[in-house]
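Here's a quick tour for anyone meeting this protein model for the first time.

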Amino acid sequence: MSPMTMDKPAVADRAPRPSYSLRRPSLPRWTAPALAAAAAAVGAGTGIGAGLSSRIQWGLIAAIVFVAGMYALAARVEGRRQAKDRLATSLVWVCFLLAVVPLVSLIQETVSRGGKVLDGGFLGHSMGGVLSVQPGGGVYHAVIGTLEQVGIATAIAAPIGLLTAIYLVEYGRGRLAKAVTFFVDVMTGIPSIVAGLFVLSFWILMLDNGYSGFAGSMALAILMMPVVVRSTEEMLKLVPNELREASLALGVPKWRTILKVVLPTAIGGIATGVMLAVARIAGESAPVVLLVFGSQLINNNPFEGAQSSLPYYIYEQWAAGNDASYDRAWAAALVLIAFVMILNLVARGIARWKAPKH
């Protein structure tokens with residue numbers, strides 16, 4: 001028998017190798033939307049059947065059904081390990097919706113009720129000569145007060161906070177740096193009413209100065225300073241040490257390295273932190289009620305006499321307790337929300353403008 005004829009049976013007796021697929025079964029992409037719609041239907045049906053009048057309860061039932069259903073389907077089709085991943089993702093989405101719903105509801109309520117009287121006349125007139133029970137009047141004097149008070153507070157707090165953060169990151173060593181860090185942490189948690197009481201007792205009662213927008217600005221600056229320090233400190237820590245070492249290796253003094261290298265690198269984040277701190281103090285009402293004292297007339301001088309602001313105006317109109325004042329309070333709240341939103345948009349724009357270019 002020739003060698004060729006001996007090899008043929010061996011080739012014929014070989015069994016085909018089984019093919020293994022590396023892809024595991026997975027749920028289709030439309031599973032999550034379809035399950036969310038089904039969960040919403042179940043939540044609404046359960047709420048109607050059980051006589052639950054609150055749609056928040058319907059939403060909670062739908063969320064529970066969605067999370068449980070997604071986990072059960074993923075465990076059956078994809079396995080328990082992938083099911084745990086699906087469970088975590090579902091919980092994140094549910095928590096996101098729970099956080100967004102109150103925000104959307106607040107904005108919708110403020111726009112619907114504040115838009116009744118918000119127009120050019122409301123923004124361009126004060127409450128001088130207008131009784132609280134009468135319609136009309138405006139928020140011009142409060143807008144002027146808010147802009148001046150927040151501007152003065154920023155002029156006080158931003159440089160102090162920036163220099164403090166530079167000291168902590170670039171020079172701070174030993175007990176003094178630890179003490180400064182400790183007091184910054186303590187100031188971060190101080191209630192706004194405490195800052196107002198401190199300025200009231202020191203500036204007005206002890207030094208015998210009158211109520212003014214500047215007094216409110218000092219309290220707002222106390223609240224703003226720790227936010228600026230913390231945000232600036234984190235931004236300075238993100239600057240690579242290689243940039244500092246390269247500058248120092250060329251013989252550049254440390255102060256000039258900070259001024260010309262470190263600060264320009266972190267300026268986007270620093271500006272964003274300052275803007276967010278400004279947005280944080282713009283809606284503070286407790287220090288303003290204690291120190292600014294409120295006024296129905298336009299006062300362009302923040303250093304003398306009582307002055308109004310948007311938070312105080314909202315409190316004042318709501319305390320009046322009639323339909324006309326309620327409408328003005330909602331309109332002023334809408335103006336304040338727009339002011340804070342503009343500041344946040346400006347902060348995002350600065351951060352994107354000053355972001356490192358790749």
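Sorted by class, the residues around the largest cavity come out as 6 nonpolar, 3 polar and 1 charged. Keep in mind that this is a predicted model. How many cavities of 30 Å³ or more are there? The count is 1, and the largest cavity holds about 40 Å³ of space.

Its lining is made of Thr 146, Gln 149, Val 150, Leu 220, Ile 281, Ala 282, Glu 284, Val 288, Ser 309 and Pro 311. Two elements, α6 (140–171) and α11 (254–282), each give two or more residues to that lining. The largest share belongs to α6, with 3 residues.

## The largest pocket

Now for the open kind of space. Lining it are 26 residues, and the ones closest to its centre are Gly 59, Ala 63, Trp 93, Val 94 and Leu 97.

Which elements give two or more residues to the lining of this pocket? They are α2 (31–50), α3 (55–77) and α4. By class, the pocket lining splits into 19 nonpolar, 4 polar and 3 charged residues.

If you're wondering how such spaces get found, rolling a probe the size of a water molecule over the atoms shows where empty space is left.

Leu 103, Ile 107, Val 111, Met 341 and Leu 345 make a nonpolar surface patch of about 450 Å². The elements giving two or more residues to this patch are α4 (80–114) and α14 (323–353).

Which of them supplies the largest share of the patch? That's α4, with 3 residues. Ile 107, one of the patch residues, has its place in helix α4.

## Ile 314 and its neighbours

Let's finish with a single residue. Ile 314 sits in helix α13, which covers residues 310–320. Leaving aside residues up to four places away in sequence, Ile 314 touches Ala 329, Ala 332, Ala 333 and Leu 336.

Take Ala 333 from that list. Along the chain, Ala 333 and Ile 314 are 19 residues apart, while their C-alpha atoms are separated by 6.7 Å.

Key. Residues are numbered from 1 along each chain as its sequence is written. This is a predicted model: local features need pLDDT of at least 70, side-chain atom pairs count only at pLDDT 80 or more; totals for chains, interfaces and linings use all residues. Side-chain values use heavy atoms; hydrogens and water are left out. Helices (H or I, at least four residues) and strands (E, at least two) are DSSP runs, numbered from the N terminus. Contact means heavy atoms within 4.5 Å. On a 1 Å grid over the protein atoms alone, a cavity is a set of points where a 1.4 Å probe fits but cannot get out, and a pocket is an open set with protein on both sides within 12 Å along at least five of seven lines; lining residues have an atom within 4 Å of a point. Grid points are joined across faces, edges and corners, and a volume is the space filled by probe spheres set on the points. Ala, Val, Leu, Ile, Met, Phe, Trp, Tyr, Cys and Pro count as nonpolar, Asp, Glu, Lys and Arg as charged, and the others, Gly among them, as polar. Patches are made of residues with over 30% relative accessible area and no salt bridge: like charges are joined within 9 Å, nonpolar side chains (Val, Leu, Ile, Met, Phe, Trp, Tyr) within 5 Å. Accessible areas come from the Shrake-Rupley method with a 1.4 Å probe; for residues, only the protein chains shown count as cover. A salt bridge is a side-chain nitrogen of Lys or Arg within 4 Å of a carboxyl oxygen of Asp or Glu.
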